Amino acid sequence: MQAEGTRSWDVLCLGEPLVEFSETTPGHYLRGFGGDTSNVAIAVARSGGKAAYATRIGNDEFGQMFVDLWDREGVDTSRVIRDESAPTGHYFVHQTDAGHRFSYARKGSAASLMRPGDLDASTIAQARVLHISGITCAISPSAAALAEQAAGLARQAGTRLSFDLNYRPALWSVDQARGVALSMLSQCDIALPSLEEAEMLFGLSDPEAIIDRVLSFGPQVVALTMGARGVFVATPQARRLIAPMSVDLVDASGAGDTFDGYFLSAMTAGDDLVEAAIRANAAAAFSTTRRGAVAGIPAGSEVEAGLRRA
Ligand SMILES: Nc1ncnc2c1ncn2[C@@H]1O[C@H](COP(=O)(O)OP(=O)(O)OP(=O)(O)O)[C@@H](O)[C@H]1O
Ligand SMILES: O=C(O)C(=O)C[C@H](O)[C@H](O)CO
């Protein structure tokens, strides 16, 4: 097993990056970047941690934009495969009275061609944490098989597995998602469910009861994100509700990813659970004050300044 001190990255994320077109005024879109696991990698890097990303992207302009973005952000791209046979995906995001809504153009994307073997044991052993989402598993059977293989390799390598379901109804049914979620919850060390997803999976709405249920699958750390109600963090020994920061909401897309990235980064830096959650809760709140998944992710210095003011 790789010694902790010799691991190259704090967090290795696996999934699909998507170019984002966010509607500003009717018919006008701002180009940005999204893709939940890529957002997490960028949040780790902005918070001061070492991040790497694993995916397939097309040999196209959108793929190149991502490589340039990750390079600018300091995210290691040595595990990004350029795939000649398919394009990089994109999506449109519209703000509605019920929150943000995604329309995807990702079917047959390069990332959906990810398959077992794309990540080997020695790559996974270089990371302290491997972060996978339900979206990684939903985009294709071969990507789901890779995620399952990577989770097994992480266990062997002593790399902690982090899982956020990020349920997206456009990608799969609740029953399909439940099967993957329950399997990943029983393998992961850090579970990052949202209140809405936990209600959908378990039919529970009381945060304490949800925490009990999620812990029963075996993770050592649970962070239940609750949108404008803040976050509930727990281990088998302790639990704490972190109140939300008060912010002027513009666009909540990517708030959960910002939380995940800041939380994982702080945990791997040795912060205790509550410190990590307070910092991540603040970062996620600040991310909602700007439009765009990646554009909203605050810099570490902004989070520190905000926490000092609070
Ligand atoms: N309106 C808000 N005010 C303050 N903090 C917020 C608000 N919305 C979100 N947050 C912060 O962001 C975190 C994540 O939000 P949420 O629970 O909506 O995540 P999510 O559903 O996983 O999001 P997504 O998958 O869309 O990125 C919350 O736990 C909280 O810390
Ligand atoms: O929904 C997806 O598949 C995305 O990854 C797009 C967004 O960036 C993501 O949902 C924000 O969490």
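This is a predicted model: local features need pLDDT of at least 70, side-chain atom pairs count only at pLDDT 80 or more; totals for chains, interfaces and linings use all residues.
In soluble globular proteins, nonpolar side chains tend to be buried together. The largest nonpolar core here holds 47 residues. Leu12, Leu14, Leu119, Ile132, Leu165 and Leu224 touch the most other members. Helix 5 (residues 141-157) gives this core its largest share, 7 residues. A second, separate core has 46 residues, among them Phe21, Ala41, Met267 and Val294.

Leu165 illustrates the packing of the largest core. Beyond its neighbours within four places in sequence, Leu165 is in contact with Ser133, Gly134 and Ile135, with Trp172, Ala177 and Ala181, and with Glu197, Met200 and Leu201.

Thr235 sits in the loop that links strand 12 (231-234) to strand 13 (239-242). Thr235 counts as buried because its relative accessible area, 14%, falls under 20%. With neighbours within four places in sequence left aside, the contacts of Thr235 are Leu215, Gln220, Val221 and Leu273.

Ligand 1 has 20 residues around it. Asn166, Gly227, Gly230, Gly256 and Asn281 come nearest. The shell comprises 8 nonpolar, 10 polar and 2 charged residues. Helix 9 (255-268) and helix 10 (273-287) each contribute at least two residues to the shell. Backbone atoms also approach the ligand's oxygen atoms. For Gly227, a backbone N or O atom lies 2.8 Å from an oxygen atom of ligand 1. The corresponding distance is 3.5 Å for Gly254, and 3.5 Å for Ala255. On its own, ligand 1 has 630 Å² of accessible area, of which the protein covers 87%.

Note on methods
Residues are numbered from 1 along each chain as its sequence is written. Chains are lettered from A and ligands numbered from 1 in the order in which they are written. Side-chain values use heavy atoms; hydrogens and water are left out. A nonpolar core is a set of buried Ala, Val, Leu, Ile, Met, Phe, Trp, Tyr and Cys residues joined through side-chain atoms within 4.5 Å. Buried means under 20% relative accessible area, exposed over 50%, partly exposed in between (1.4 Å probe, protein chains only). Helices (H or I, at least four residues) and strands (E, at least two) are DSSP runs, numbered from the N terminus. Contact means heavy atoms within 4.5 Å. A residue is near a molecule or strand if one of its heavy atoms lies within 4 Å of it. A polar contact is a pair of N or O atoms within 3.5 Å; within protein, one must be able to donate a hydrogen and the other to accept it, and residues adjacent in sequence count only if both atoms are side-chain atoms. Accessible areas come from the Shrake-Rupley method with a 1.4 Å probe; for residues, only the protein chains shown count as cover. Ala, Val, Leu, Ile, Met, Phe, Trp, Tyr, Cys and Pro count as nonpolar, Asp, Glu, Lys and Arg as charged, and the others, Gly among them, as polar.
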